[in-house]
Amino acid sequence: MLDQMAGEMGTEVGGMDTPITLDPDTGLPWRERFDTDSLPHEEQMLQRPATSSARI
């Protein structure tokens with residue numbers, strides 16, 4: 001399924017130095033850049049759906 005999605009949508013290189021992808025509707029980055037203060041919050045946000053799914 002992931003290979004199919006990557007084939008349809010494409011992939012992009014990631015990392016802290018990679019520019020944030022522009023939203024085609026606004027021409028602006030779709031989110032703020034990551035920094036050392038935002039990373040713990042982002043990790044929690046990504047872990048919550050996985051934890052919630054495991055309980056179901």
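Biologist: How many of the eight residues of α1 are buried?
Modeller: The count is zero, so α1 is hardly covered. Buried means under 20% relative accessible area, exposed over 50%, and partly exposed in between, with a 1.4 Å probe and protein chains only. This is a predicted model, in which local features need pLDDT of at least 70 and side-chain atom pairs pLDDT 80 or more, while totals for chains, interfaces and linings use all residues. Residues are numbered from 1 along each chain as its sequence is written, and side-chain values use heavy atoms, without hydrogens and water.

Biologist: And what comes just after α1?
Modeller: There one finds G10, with a positive phi of about 85°.

Biologist: How many helices and strands does the protein have?
Modeller: The protein has two helices and zero strands. Both kinds are DSSP runs numbered from the N terminus: helices are H or I of at least four residues, strands E of at least two.

Biologist: Is R31 buried or exposed?
Modeller: R31 counts as buried, because its relative accessibility is 19%.

Biologist: Which side chain does R31 meet in a salt bridge?
Modeller: The partner of R31 is E42, at 3.2 Å from N to O. The term means a Lys or Arg side-chain nitrogen within 4 Å of an Asp or Glu carboxyl oxygen. The structure holds one such bridge.

Biologist: Which parts does that pair tie together?
Modeller: R31 sits in the loop between α1 (2-9) and α2 (39-55), and E42 in helix α2, so the pair links parts eleven residues apart in sequence.

Biologist: New topic: which residues make the nonpolar surface patch?
Modeller: M1, M5 and M9 make the patch, which covers about 410 Å². Patch residues have over 30% relative accessible area and no salt bridge; like charges are joined within 9 Å, nonpolar side chains (Val, Leu, Ile, Met, Phe, Trp, Tyr) within 5 Å.

Biologist: Where is M5, and how accessible is that residue?
Modeller: M5 belongs to helix α1. Its relative accessibility is 38%, so M5 counts as partly exposed.

Conventions
Areas by Shrake-Rupley, 256 points an atom, 1.4 Å probe, with all protein chains shown as cover.
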